[in-house]
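Student: I have a model open and want to learn how to read its local features. Can we go through a few?

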Amino acid sequence: MLKVAVATLGCKVNHYESAGIIEEMEALGISVVPFSTAADLYIVNTCTVTAKTDFQSRQLVRRAYRTNPNAPIIVTGCYAQIAPHELATLPGVRMVAGTEMKERLPEMIRDVIDGERRIDVGDISLKRTVSDLPVTRFPGQTRAYLKVQDGCNNFCSYCIIPYARGRSRSLPAGDVIRHVQALAEAGHREIILTGICLGAYGRDLFPAADLLTLVKKIEEETDIERLRISSLNPTEISDEAIEHFRNSKILCRHFHLSLQSGDDRILGLMRRDYTTGQVADLVARLQAAIPGIAVGMDVITGFPGEAEEEFRNMTSFIENIRLAYLHVFPYSRRPGTVAAAFSDQVTKSVMKERALILRGIGNRKRIEFNSGFIGKMLSVLVEGSRDKETGWMKGFSDNYVPVLLPEGDQSLANRIVTVTGDRMIREKVVGEIVTDG
């Protein structure tokens, strides 16, 4: 049996697509083996959101070559789309496949093994449909991802992704419903809707639709018990959406916002279409309408022009807003983007120092939010794996609080239980089970 190993970097969308490639290969009788073992062929699904992920992608290629120098390597994903000729020079690379080629990779495996070195990368900006590698199961996972949107039309000044993923395009609602139901029937209790610019869902369809309409359709036509929405831009959450979330029986109390900066001048330079005042108002409305909601944010520090004043504005904004967590990313200069040509680049040492400060604020915010549920009830989906530190069963509440269950056993895996928060271990809540089911 042909043995293929797959490694994936980057976002949830990339991991979803790798899961689709793996499932299709297994259906074709190909054995998928760990990336650290000798295989007949290796696939590296790359990310290019930062210079660091470019480096990590190249390292994975070199690792595959060291493991088996005789095995051909296919490099695909966003980095492959942006820099195919650079990747083609790496040892062992037999094929560089563009973003739109992923869905064809499973059927091409044997041809690649027997073929010559090739680059197959097209103009992704011309792509108008979502590459659909449907995933019917995520073995060993209680939560499942579902890609319903791809690409981005925003062209923020720092971001290379529109050039790697193309224009925004959506999976038709009928296909979404079919995939959701299949994942529910496979035993997944929660599905996370994901995309490159998820809030743009449906604008390219005919007739046009939107994310809220899709959510309502999923609620009405499928059996999924919990539905979680991945990252959204602050301008993509309407009052109507907030009201629907408040009353929904299956939507998780959790929003992840792409803030990117807490300074209005920097937001303008980034080409973001909102102000910090608008974000603060949105968070206040979310928290007033949906008690216990978790609001997390992404921020980038070290963007060109971020002097001490702008950084102070950032830290002040984050300090004065109630957050569940904060994801911090140092700015990465991406060739081909508008911001790469800006003259006032921030040094790496300053970026590192500022990222450390922001992560400290984020850690404090996370502990403050999670500790607010001591003595309160939470609905927790129990995972199959145990907490590495304590050995206890674990899970996430609907509002994204990590919960430990010292009284639980393996029979709780993939069940939704109600717990009362008892105490904290670091940032995690220790829960006492109240009801099971």
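Student: Is Q260 buried or exposed?

Tutor: First, the ground rules. This is a predicted model, where local features need pLDDT of at least 70, side-chain atom pairs count only at pLDDT 80 or more, and totals for chains, interfaces and linings use all residues. Residues are numbered from 1 along each chain as its sequence is written, and side-chain values use heavy atoms, without hydrogens and water. Buried means under 20% relative accessible area, exposed over 50%, partly exposed in between (1.4 Å probe, protein chains only). Q260 has 9% relative accessibility, so it counts as buried.

Student: Which peptide bond is cis?

Tutor: The one from F206 to P207, with omega near -5 degrees.

Student: Which side chains make polar contacts with the side chain of N45?

Tutor: A polar contact is a pair of N or O atoms within 3.5 Å; within protein, one must be able to donate a hydrogen and the other to accept it, and residues adjacent in sequence count only if both atoms are side-chain atoms. The N45 side chain has such a contact with S18 at 2.9 Å and with K102 at 3.0 Å.

Student: How accessible is N45?

Tutor: N45 is buried, with a relative accessible area of 0%.
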